[in-house]
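Student: Hi, I've got this model open and would like to go through it with you. Let's start with the pockets.

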Amino acid sequence: MDMRTVAIVGNGPRDLIPDLAAFNESVDVWIGADRGALTLAETAIRLDYAVGDFDSMTAGEKEIVQGKANVFRMYPSEKDQTDLEIALEQAYELAPKTIYIFGVTGGRLDHELINVQLLHRIMDQGIQGVIIDRQNRLELVEPGRYEVRHDNQYPTISFVPFTSCVEGLTLEGFYYPLTDASVAWGSTLCISNKLISNYGTFSYHKGILLIIKNNDQ
């Protein structure tokens, strides 16, 4: 099977999770991490894997997950990995091209920050990782040239250095264009940009960029 996309649903606040049904046709496998498995179990979306320690659930909720999951794997509460890391390890075994991650923003800031950093570990696997919530869509990119299409759901685009400096950043087709710029940590130069039409490009030659697409809703 040509595994293209795996989706993981984490334990974050449900009100920040977008309508998962909108992604169902493009996702080959759904993985629920801890309480994220319950989120999937209580929707019409299939629950292919449920993994984690499930210490955030009642006995009844755990029974619901076990009844819906095609594969249920429970781990000890005392462990070196977070439930999301366990879910990612399961995703890596499936060798996808892309991993969508839902339910990992909001709540505790330490968890949210480390979840964004996990995008780098996904990149190291040769996989595109994308964190998605109702207001934001985040992904890391390496040096190169990229096309950007207007997205009605996430029309605003920010370019945030993930390394100490990004060099040679050029933005074409944007309201605020840029040519061969160096952007360092803490710079607000590339925050809240927008395309001036349905299409644009960005390119750079050194560093790692965090691309954040969002809306103001």
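Student: How much space lies in the largest pocket?

Tutor: The largest pocket holds about 430 Å³ of space. A pocket here is an open set of points on a 1 Å grid over the protein atoms alone, where a 1.4 Å probe fits and protein lies on both sides within 12 Å along at least five of seven lines; lining residues have an atom within 4 Å of a point. Points are joined across faces, edges and corners, and the volume is the space filled by probe spheres set on them.

Student: Before we go on, what should I know about the model itself?

Tutor: It is a predicted model: local features need pLDDT of at least 70, side-chain atom pairs count only at pLDDT 80 or more, and totals for chains, interfaces and linings use all residues. Residues are numbered from 1 along each chain as its sequence is written, and side-chain values use heavy atoms, leaving out hydrogens and water.

Student: Thanks! Which residues lie nearest the centre of that largest pocket?

Tutor: Those are N11, T82, L84, H111 and N115, out of 23 lining residues. Two helices, α3 (83-93) and α4 (109-124), each supply at least two residues of the lining, and α4 gives the largest share, five residues. Helices (H or I, at least four residues) and strands (E, at least two) are DSSP runs, numbered from the N terminus.

Student: And how does that lining divide by class?

Tutor: Six residues are nonpolar, ten polar and seven charged. Ala, Val, Leu, Ile, Met, Phe, Trp, Tyr, Cys and Pro count as nonpolar, Asp, Glu, Lys and Arg as charged, and the others, Gly among them, as polar.

Student: What about the second largest pocket?

Tutor: That one has about 340 Å³ of space. It is lined by 19 residues, with Q128, E139, L140, V141 and Y146 closest to its centre. Two or more lining residues come from each of α4, β6 (128-132), β7 (136-141), β8 (144-149), β9 (156-161) and β14 (209-214). β8 gives the most, four residues, and by class this lining has eleven nonpolar, three polar and five charged residues.

Student: OK, changing topic: which aromatic pairs are there?

Tutor: A search of the whole structure finds nine of them. Rings of Phe, Tyr and Trp (its six-membered ring) pair if their centres lie within 6.5 Å; planes under 30 degrees apart count as stacked, over 60 as edge-to-face and the rest as tilted. One of the pairs is F54 with F72, stacked at 4.7 Å centre to centre with 15° between the planes.

Student: Where do F54 and F72 sit in the chain?

Tutor: F54 is in the loop between β3 (47-52) and α2 (59-68), and F72 is in strand β4 (residues 69-74), so the pair links distant parts of the chain, 18 residues apart. F54 is buried, at 1% relative accessible area, while F72 is partly exposed, at 23%. Buried means under 20% relative accessible area, exposed over 50%, and partly exposed in between (1.4 Å probe, protein chains only).

Student: How are Y175 and Y176 arranged?

Tutor: Y175 and Y176 are edge-to-face, 4.8 Å centre to centre and 85° between the planes. Y175 is exposed, at 56% relative accessible area, and Y176 is partly exposed, at 49%. There is also one aromatic cluster formed by F23, W30, Y100 and F102.

Student: Last one: what is the strand order in the open sheet?

Tutor: The order is β8-β13-β10-β11, four strands with antiparallel pairing. Strands pair if DSSP finds at least two bridges between them. β8 and β11 are the edge strands, each pairing on one side only. Three bridges join β10 (residues 165-172) to β13 (residues 199-204), and T170 has S203 in β13 as its bridge partner.
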